[in-house]
Amino acid sequence: MKKVVILGAGFAGLHIFYKIRHLIGKKIEVTVVDSRSHSLLKPSLPEVSFEGAPVSHSLIELKHTLENRGAKFVQNEVINIDAPKNELTLKNGEMLGYDYIFLAPGAIKDYDAIKGFKEFGYSVCDELQAQKLWKKVQSFEGGKIITGAAKSSWGTRVDAPKLLAPCEGPIGEIMFMLDFTSHMTKVCNVPKIIRLRFLLLARYFLKMSAIRQEMLLEKLCKKEA
């Protein structure tokens with residue numbers, strides 16, 4: 001039986017695993033290696049940033065998830081890849097052989113590369129930044145907010161739409177959530193926790209007239225009181 005090793009159990013690594021299982025089934029032996037015990041579900045981090053949801057809400061327990069689907073999970077760090085021998089060396093000294101390997105180690109975000117970010121910037125790209133933003137949202141008293149994402153370069157192997165940023169959708173998502181949160185705080189007159197069912201109304205809220213917006217917010221505030 002062929003052996004496949006996937007390095008990294010983030011969004012890309014787990015996607016590779018599920019795709020392999022879907023296309024090939026259990027005709028191959030799959031091992032997933034990651035130094036973490038849990039994977040971070042980043043698309044749910046806005047709920048941490050704007051609703052105050054616990055970070056545990058955005059974590060996936062890897063061993064249970066993978067081994068229940070027929071894979072082997074190794075929680076360890078890879079310190080060397082010997083490509084000619086098709087072998088990995090783990091931090092604990094163990095060797096791991098493979099026939100095929102997928103590299104999905106993820107990225108380390110260089111926030112310090114943006115001047116002033118440490119003092120004034122916020123992000124929803126990791127669990128620490130998401131919690132930091134939630135604290136700021138609760139104490140925010142008004143002012144100008146700028147949202148954005150870094151420009152990226154893309155390869156040409158895949159015929160896909162060209163984007164200036166790696167993920168343009170969340171920029172709009174953050175703007176809608178910030179706008180909705182500020183309206184709720186203004187009308188309710190207290191920095192309340194904005195629950196998810198209210199946030200999901202944001203896409204419709206922005207299409208309403210100002211009068212209808214105020215009526216809806218007053219109704220929601222009374223329901224929360």
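N86 counts as partly exposed because its relative accessibility is 27%. Here, buried means under 20% relative accessible area, exposed means over 50%, and partly exposed lies in between, with a 1.4 Å probe and protein chains only. N86 sits in the loop between β6 (78–82) and β7 (87–90).

This is a predicted model: local features need pLDDT of at least 70, side-chain atom pairs count only at pLDDT 80 or more, and totals for chains, interfaces and linings use all residues. Residues are numbered from 1 along each chain as its sequence is written, and side-chain values use heavy atoms, with hydrogens and water left out.

**The hairpin and its sheet**

- Helices (H or I, at least four residues) and strands (E, at least two) are DSSP runs, numbered from the N terminus.
- N86 is not a glycine, yet its phi is positive, at about 55°.
- N86 belongs to the hairpin of β6 and β7, which has four residues between the strands.
- Two strands pair if DSSP finds at least two bridges between them.
- β6 and β7 run antiparallel and are joined by four bridges.
- Which residue in β7 is the bridge partner of I81? That partner is L88.
- L88 also has a bridge partner in β8, namely L96.
- β7 and β8 run antiparallel too, with three bridges between them.
- Together they form an open sheet of three strands in the order β6-β7-β8, with antiparallel pairing.
- β6 and β8 (95–97) are the edge strands, and each pairs on one side only.
- From one strand to the next, the twist averages 20°.

**The parallel sheet**

- Strands of a sheet pair through backbone hydrogen bonds, either parallel or antiparallel.
- A second open sheet has four strands in the order β5-β2-β1-β9, with parallel pairing.
- β5 (72–75) and β9 (100–103) stand at the edges with a single partner strand each, so one side of each has no neighbour in the sheet.
- Neighbouring strands are turned by 20° against each other on average, direction ignored.
- α1 packs on this sheet and touches β1, β2 and β9.
- The direction of α1 makes about 155° with that of β1.
- For such angles, axes are lines fitted to C-alpha atoms, for helices over the stretch in contact, and values run from 0 to 180 degrees between N-to-C directions.
- β1 and β2 are parallel and pair over five bridges.
- V5 stands opposite T31 in β2.
- β2 and β5 are also parallel, pairing over four bridges.
- V32 has F73 in β5 as its bridge partner.
- β2 is mostly covered, with five of its six residues buried.

**The nonpolar core**

- A nonpolar core is a set of buried Ala, Val, Leu, Ile, Met, Phe, Trp, Tyr and Cys residues joined through side-chain atoms within 4.5 Å.
- The largest such core has 14 residues, and those with the most contacts inside it are I6, I20, V30, V32 and L66.
- β1 (3–7), α1 (11–24), β2 (29–34) and α3 (62–67) each give two or more residues to this core.
- Which element gives the most? α1 does, with four residues.
- Contact means heavy atoms within 4.5 Å.
- I20 touches V4, I6, G25, I28, V30 and F102, not counting residues up to four places away in sequence.

**T65 in helix α3**

- T65 is placed in helix α3.
- Is T65 buried or exposed? T65 counts as buried, because its relative accessibility is 14%.
- Apart from neighbours within four places in sequence, T65 is in contact with Y18 and I60.
- The T65 side chain reaches the backbone oxygen of E61 at 2.5 Å.
- T65 and H38 are 27 residues apart in sequence, and their C-alpha atoms are 9.7 Å apart in space.

**Aromatic pairs**

- Rings of Phe, Tyr and Trp (its six-membered ring) pair if their centres lie within 6.5 Å; planes under 30 degrees apart count as stacked, over 60 as edge-to-face and the rest as tilted.
- The count by this rule is two aromatic pairs.
- The rings of Y111 and F117 are stacked, because their centres are 4.9 Å apart and their planes are at 5°.
- Y111 is buried, with a relative accessible area of 19%.
- F117 is buried as well, with a relative accessible area of 11%.

Definitions and conventions
Polar contact = N/O pair within 3.5 Å; in protein donor to acceptor, adjacent residues only side chain to side chain.
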